[in-house]
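Here's a quick briefing to read alongside the sequence and the 3D view. Take a look at the fold before going through the points below.

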Amino acid sequence: MTIMKTNLAVQKSNGVNGAIILKSVKTHNLKNIDVTIPHGSLTVVTGVSGSGKSSLAFDTLYAEGRRRYMESLSAYSRQFLERIEKPDLESVTGILPAIAIEAKNVVTNARSTVGTQTELNDYIRLLFARVGVTYCSICGKKVGQDTATTIFEKVFAELNGSEITIAFPVPIGKKEKSFLAEIFGEFKRQGFLNFLLGGNKLNLTEAEKRSKKDPHGILVVVDELNVSAPNRSRFLDSLETALKYGKGVVVIATQTGRMYQEKRFSNRFHCADCNREYRTPNPNTFSFNSPLGACSECQGFGRIITIDQNLVIPNPRLSLAEGAIEPWTKPSASWEFRQLKEFSRRKKIPLDIPFTQLKSGHRKWILEGCEGDDFFSVRDFFDYLEKKTYKMHIRIFLSKYRGYITCPKCQGARLKPEALQVKVDGKHVAELSRLTIRDLNLFFNSLKLSEHDETIAEPVLLEIRNRLSFLIEVGLGYLMLDRLSRTLSGGEAQRIHLAASLGSALVDTLYVLDEPSVGLHERDHLLLIRLLEKLKGLGNTVVVVEHDRTMIEAADQIIDLGPLGGECGGEIVFSGPFSQLQTAKNSYTAAYFRNELKIERQKTNGHAKKSIRIDGAKEHNLKDIAVEIPLHQLVVITGVSGSGKSTLMYDVLYGNYERWCGRPIQDVGQVKTIDGWDEVQDLLLMDQSPIGRTPRSNPVTYIKAFDHIRKVFAQTQDARSRRLTAGHFSFNVPGGRCEKCEGGGIEKIEMHFLADIHITCEACGGSRYQSKILEVKYRGKTIRDVLDMTIDEALDFFSAGGGKDEPKICGSLNILTQVGLGYLRLGQSATTLSGGEAQRLKLAAELARGGRGGPLCPPDKTTGAHRGAPLLYLFDEPTTGLHYYDIAMLLSAFETLLKRGHSICVIEHNMEVIKCADYVIDLGPEGGEEGGEVIYQGPLKGLLEVPCSYTGTALKKYLCR
């Protein structure tokens with residue numbers, strides 16, 4: 001970091017004038033552009049999809065800043081870091097060390113939580129190790145360590161003026177009995193002549209005789225004295241002697257008649273009343289990632305894998321005869337099924353009624369067995385198979401029925417019992433992890449400690465309070481520390497990183513953010529802008545890829561790329577402040593802001609005749625709500641972050657539908673009833689997951705158009721004369737592909753200290769195919785030329801053809817252009833697509849095949865709408881990464897689905913989509929425990945009249961712009 005600051009100082013002295021200056025940037029589709037970004041500014045990069053925003057912000061700015069910083073490190077250090085290729089540009093000056101915060105959640109580790117990502121867990125663990133109070137698991141009293149001084153104070157307070165005996169214990173076990181003479185001889189040499197054994201006082205000779213017969217240890221008397229202030233010095237000296245010879249344990253005995261009553265103290269960490277020792281807490285005691293703290297049953301995961309009844313009986317609406325017990329429907333389990341029927345006859349269990357309607361006792365017999373009967377129950381079946389897991393097919397079979405349940409030992413706390421016995425202000429670590437960040441902030445701000453503990457905890461509490469306040473500022477106060485990181489949305493993950501950046505207080509750094517407003521309600525946009533201003537105020541340069549108007553208006557500088565995407569983009573159509581953006585002539589952004597272009601949609605009038613009705617949804621923070629989702633309409637679910645939108649769509653709606661269909665699914669949202677499933681043929685979840693995880697996957701193969709393209713080439717005269725089939729034109733299978741690169745077109749060479757080098761395959765020159773395949777041409781173009789075309793170019797090319805497959809190709813490609821993906825290349829790797837592009841590609845595939853229900857009926861002559869095979873499509877923030885220009889295309893695609901008789905339900909914060917909705921479900925009023933209620937549901941017009949709706953208030957302001 002020191003080297004980078006030195007370089008920066010030299011650059012400023014050479015006339016850079018405090019700015020990042022990029023010359024002739026040609027990364028991806030950027031067309032030789034020059035860019036200047038002032039230091040200490042908030043710069044927004046905007047433009048339509050595919051215009052080059054990410055290429056400029058991440059693949060150029062961030063990549064160069066990160067690469068230069070890494071080059072300042074030693075070669076040894078660089079081998080352990082991610083290696084980044086040098087971007088394609090002529091020169092760059094004034095670049096700063098860079099941090100990228102993308103709107104992607106790449107965490108898949110089940111051990112990662114919000115607490116570990118924010119490092120709050122580390123500080124809380126340290127706090128508990130230093131000032132936590134341990135309570136005995138038996139008696140519930142405080143556990144501590146005694147010293148000679150504290151022992152005197154306790155005895156003086158209780159036995160002031162009494163005669164007491166100070167002694168230390170000596171265990172006499174089987175091994176020690178053979179050395180009794182030596183042991184007692186040593187006691188005599190040390191001057192210890194009196195002993196306590198079995199509550200009686202004995203001299204040396206008596207004690208030696210009795211100890212041979214008594215299996216218990218003896219107490220060696222150190223001193224006998226009166227408990228009083230003048231004897232304090234003598235008392236302390238005797239205690240020190242007893243603790244020394246007793247290996248940290250001392251006994252205070254008082255005489256009652258002829259017997260002695262004993263009370264033990266120890267300088268070890270122990271419970272004085274129960275005489276039970278505990279391990280002294282350290283930070284790892286409270287870590288579920290450490291063997292010291294992790295629960296021994298679940299290994300710190302909070303869940304264990306076992307046979308899941310929901311997978312064994314996926315469809316409880318089936319009867320036993322119909323195969324309710326899914327593993328016993330297999331041919332290999334025919335014996336088990338026969339003995340089930342025999343058992344049912346013996347016990348008069350009906351075979352023809354749904355499993356859920358059987359008596360609870362009957363269900364228990366079938367699942368767990370019946371006492372006094374040799375019935376081979378479901379549990380017996382799986383216990384038997386567990387003994388056969390050395391066989392591969394048995395392991396595969398069992399894996400289909402295994403699922404996660406909460407760990408019965410730690411109840412999901414992830415920690416050992418001794419960690420949960422340590423508390424701060426009456427709460428253990430797991431209880432704090434289950435609080436929302438907002439409640440946790442209140443807890444730590446009101447925490448009262450002793451003066452001694454406050455001094456120790458002050459620096460730790462400062463870090464905890466700062467980090468909690470930053471998380472609340474970025475709108476994440478509804479999250480809990482034990483929330484799994486992999487369950488966070490991309491926007492939530494990005495804001496966690498943003499809060500961590502504020503907490504680290506870096507200066508002279510380049511921050512590159514990818515749509516930080518993703519997943520954030522309109523109400524919280526100003527809050528986000530204030531945070532970015534605070535980040536800028538520390539002396540950092542902030543570059544944001546964003547489409548939100550509020551963010552664009554707040555920027556110091558706007559860089560608008562375009563005018564369109566792909567080959568028609570990559571140019572700067574505007575650069576400057578927002579006040580000048582309104583006059584930009586070639587900018588779609590400016591055109592929408594001037595209202596020259598508008599996003600409008602003809603809404604469906606009246607109430608839908610059919611709907612899906614949800615009653616009593618109580619999953620997570622949903623508060624026993626009732627929701628109606630009308631069919632054949634555009635339904636938008638909205639509300640502030642954490643209000644319960646995803647829970648309603650994923651867990652309650654989609655999860656219960658999968659269970660209703662009898663498909664194996666583990667986590668299902670709690671609900672009383674859901675009616676209306678029969679009105680739709682299927683529910684399709686269109687999320688933003690990648691369409692493929694390898695470079696071989698691409699748009700043209702995903703929409704099945706490549707099959708027809710290969711047929712077109714196989715039908716040419718050259719192909720027939722060479723006896724080439726459609727399979728020879730595939731780069732995924734042997735035959736026509738280049739075997740050296742296996743159809744990849746490039747070869748990867750690993751460099752130990754530098755970025756891996758990807759070079760063009762020497763054998764095929766990057767074409768992916770053998771030379772004989774490239775000799776075949778269709779209308780002057782090889783298969784390689786076609787894959788290099790953009791979708792728009794390919795549409796023009798194939799529309800001029802006359803074969804039977806060309807219309808099929810054009811039909812698929814035309815749908816891609818309708819959803820705004822015309823700038824993509826046919827052979828573009830799926831790994832380079834954004835989440836929004838992947839989601840629209842899935843939408844295009846659905847439009848291409850007309851729904852999973854098979855062929856549709858012809859459109860109605862009056863309305864133009866299709867009938868038959870109605871589907872319900874579920875979308876989660878489909879406007880992510882979309883410009884106003886692209887949103888218009890998205891809504892047009894939605895309209896096509898609606899006209900076909902389908903239904904659409906969308907989670908969305910974008911005001912353009914909300915204002916076009918037929919029906920709105922607004923959840924809130926806040927996030928977390930303060931959310932989960934239905935603020936409003938009904939036509940859009942009624943939402944504007946609800947004063948307590950943040951969405952309605954924000955929409956009113958938006959419509960007045």
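The chain exposes about 44300 Å², and carbon and sulfur atoms supply 50% of that area (accessible areas come from the Shrake-Rupley method with a 1.4 Å probe; for residues, only the protein chains shown count as cover). Keep in mind that this is a predicted model, where local features need pLDDT of at least 70, side-chain atom pairs count only at pLDDT 80 or more, and totals for chains, interfaces and linings use all residues. Residues are numbered from 1 along each chain as its sequence is written, and side-chain values use heavy atoms, leaving out hydrogens and water.

**The whole chain**
- Of the 961 residues, 51% count as buried (under 20% relative accessible area; exposed is over 50% and partly exposed lies in between, with a 1.4 Å probe and protein chains only).
- You'll find 37 helices and 33 strands here (DSSP runs numbered from the N terminus: H or I with at least four residues for helices, E with at least two for strands).
- The C-alpha atoms fill a box of roughly 120 × 90 × 65 Å along the principal axes.
- Take the contacts between residues at least 6 apart in sequence: 68% of them join residues at least 24 apart (a contact means heavy atoms within 4.5 Å).

**Cysteines**
- The structure holds 0 disulfides (a disulfide is a pair of cysteine sulfur atoms within 2.5 Å).
- Cys-298 is in no disulfide, and its nearest cysteine sulfur, from Cys-410, sits 3.7 Å away; Cys-298 is buried, at 3% relative accessible area.
- Cys-761 is in no disulfide either, with the sulfur of Cys-764 as the nearest one at 3.7 Å; Cys-761 is buried too, at 1%.

**Aromatic rings**
- The count comes to 33 aromatic pairs (rings of Phe, Tyr and Trp, using the six-membered ring of Trp, pair if their centres lie within 6.5 Å; planes under 30 degrees apart are stacked, over 60 edge-to-face and the rest tilted).
- Tyr-592 and Tyr-884 make a stacked pair, 5.6 Å centre to centre with 25 degrees between the planes.
- Phe-713 and Phe-729 form a tilted pair, at 5.7 Å and 35 degrees.
- Phe-713 is in helix 27 (residues 705–714), while Phe-729 is in the loop between helix 28 (717–721) and strand 28 (746–749).
- Phe-713 is buried at 0% relative accessibility, and Phe-729 is buried at 0% as well.
- Ring pairs also join Trp-328, Phe-381, Phe-382, Phe-397 and Tyr-401 into a cluster.
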